[in-house]
Amino acid sequence: MEMNTYPGQPFPLGATWDGNGVNFALYAENAKTVELCLFNSTNAEVETYRIRLRERTNHVWHVYIPELFPGQLYGYRVHGPYDPESGNRFNPNKLLIDPYAKAISGTIQWHDALFGYKVGNPAEDLSYSELDSAPFVPKSIVINPNFNWEGDTQLKLPHYKAIIYETHVKGFTIQHPDIPEVLRGTYAGMAHPVTIKYLKELGINAVELMPVHHFITDRHLHENNLTNYWGYNTIGYFAPDVRFYSGDGATGGQVNEFKKMVKALHRAGIEVILDVVYNHTGEGSQLGPTVSFRGVDNCCYYRLTENKRYYKDYTGTGNTLNVRLPNVLRLIMDSLRYWVLEMHVDGFRFDLASTLARELHDVDRLSSFFDIIHQDPIISQVKLIAEPWDIGEGGYQVGKFPPGWGEWNGKYRDCMRDYWRGADSMLSEFAERFTGSSDLYKADFRRPTASINFITAHDGFTLHDLVSYNEKHNEANGENNLDGENHNRSWNCGVEGPTDDEAIIQLRKKQVRNFLVTLFLSQGIPMLVAGDEMGRTQRGNNNAYCQDNEISWINWKDRDKELILFTRRLIHFYKHHPSFTRKRWFKGIPVNESNLPDIAWFLPDGSIMSEENWKLDFAKSLGVYLNGLALRMKGEQGEDIMDDSFYIIFNAAHHPLRYKLPDEEFGTTWIQVIDTNTGHIEEPTNIYNAGEVIEVADRSVVVLIQPYS
């Protein structure tokens, strides 16, 4: 029986329900024929209807089918030449996920039928497979876009107030004993009152979620009983991944559960930032599966080499999306706009963002990708964060993204790690990183908030492991410990891994506190990785991308409660003092009637550092004065913002130092409020006079405050 169809419209792309029926639209420039396949169930091996799309407008194939409803399962079969050496890989035997699918019913079931070529054939991808992949490909789902947001909108927190918490939807709650088991590891788990209470008490106001776009687990991982836990292998740029849904994904309920999560977090004053992967897809190299873009129109989605059989690979994953093409730019922009307008997210962190900036080969700061983002009235107004590198030549672009962008500051991470492990490094770089990295961002009229400061991220050691291991221990990944970064800038404090030596245990705890205090007292936006505040370990694994197990998950039972309390107090201290969240760059000269500079640097003898002092790579200690009366900041009502002044002493040396406080012109009385050696924070303890000498323990930070009123 044939279905009643109308011509439909070429816009919007994807499947759109209007209350009476569904419009389907697919961009496939080089296709000869497009067929829409409708399924009655997720496990159906054969489509119930196969409908040929006879309308084509500007390379978009479209049809309208009345009396179809949300929950309808569908996919595409696209006909055209199969000639890999010319870049064409059409194969109608392969059921394809709609690139604009708003929900996807499940995960790929690995089978040779998923590949456009005959697996095992000597000709490899030049051969042609006639196996039908429909039984093994998840189906796209028509969704009902209606949702009661109850007035919810983006929070639009000022950048300088943001405290980012990078986390994984599943890993954060999967082992939480106070969350109902059915909700653990899901969007609903992230929205649970227990989760929100923890985040609020910690002081977090922005969660950065590792990829939630529907992704693929690589076949080689699946065959080794591993999985792509991190999710940097996207196949659906509009679909929240079904793995994080507490129900049956067959009806698309994951969309509403995601929206409920965002609404709940917003009510608590917490923004939602998505880690997005627009640089490549989960289809891999020429030997990867044909499940969506490759089969829809390979040449119109991927960046190909001169021999079009192969893919340019700036990401180390086998392929690179071709952002130079208008339809790919539209895909990315439509996706970003969808997540802002329909899902209410507050911003994006772009994985390997340098890849998106490549026009031909070189990274181009004025590429069409940046131009179109800058001009877009929706996307330009949310938080935009770049991971400013890829693996290609010239891909390390820290400090080179346009105004309006924040960047993961890899130079900050490296500098602070080197400083606290005692490596020979210039104090001048420490000062640059601590004060917001003006050498990277100031010349472009950017503010200190362009620097996303971090010590650790999902990729690499946890903070606990950074002070517990000199070497990576990735044996569980099944790659003979060859994967992952070799140069971690870590220090195990004398013993590799777990130890019963109490002196080493205490030193490691102090080093963790040193890193945390340094992070939250630096200018820029701090990013904390989930679990670092409670001593989470990955047992030395610095590349746990495939570990969907206790290696990666938060262990709520064995959390370090003392460290959690320290971190809470530190974040509260940070939020209470605008001296650490300045909107403007330091000048280092008198900026008000007090005739004192907004910042000054001191040697242990109390004298101000000279130019020569900055060049000493063996120096491990310095003091910094922050003038709280010289913030040059206005409040929401235009009032001048003032704060206490601070004197901070950093001592990364392996021995204690006696430090003379500045003379009376910088203040007569100083109150000690933080000492990482003892773990003391917030409550005033010792009181010192100007010029007095205090002893600062080895490898520790001391913070003194001078109240302005």
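Q: In which sense do strand 16 and strand 17 pair, and over how many bridges?
A: Two strands pair if DSSP finds at least two bridges between them. Strands are DSSP E runs of at least two residues, and helices are H or I runs of at least four, numbered from the N terminus. Here strand 16 and strand 17 (residues 383-386) pair in the parallel sense, over four bridges. Phe350 has Ala386 as its bridge partner in strand 17.

Q: What should I know about the model and its conventions?
A: This is a predicted model: local features need pLDDT of at least 70, side-chain atom pairs count only at pLDDT 80 or more, and totals for chains, interfaces and linings use all residues. Residues are numbered from 1 along each chain as its sequence is written, and side-chain values use heavy atoms, leaving out hydrogens and water.

Q: How does strand 15 pair with strand 16?
A: In the parallel sense, over four bridges. Val276 stands opposite Phe350 of strand 16.

Q: Which way do the residues of strand 16 point, and are they buried or exposed?
A: Buried means under 20% relative accessible area, exposed over 50%, partly exposed in between (1.4 Å probe, protein chains only). Gly347 and Arg349 point one way, Phe348 and Phe350 the other, and all are buried.

Q: Where does Leu287 lie, and what does it contact?
A: Leu287 sits in the loop between strand 15 (271-276) and helix 6 (293-297). Leu287 counts as partly exposed because its relative accessibility is 32%. Contact means heavy atoms within 4.5 Å. Leaving aside neighbours within four places in sequence, Leu287 is in contact with Phe115, Tyr117, Glu124 and Asp125.
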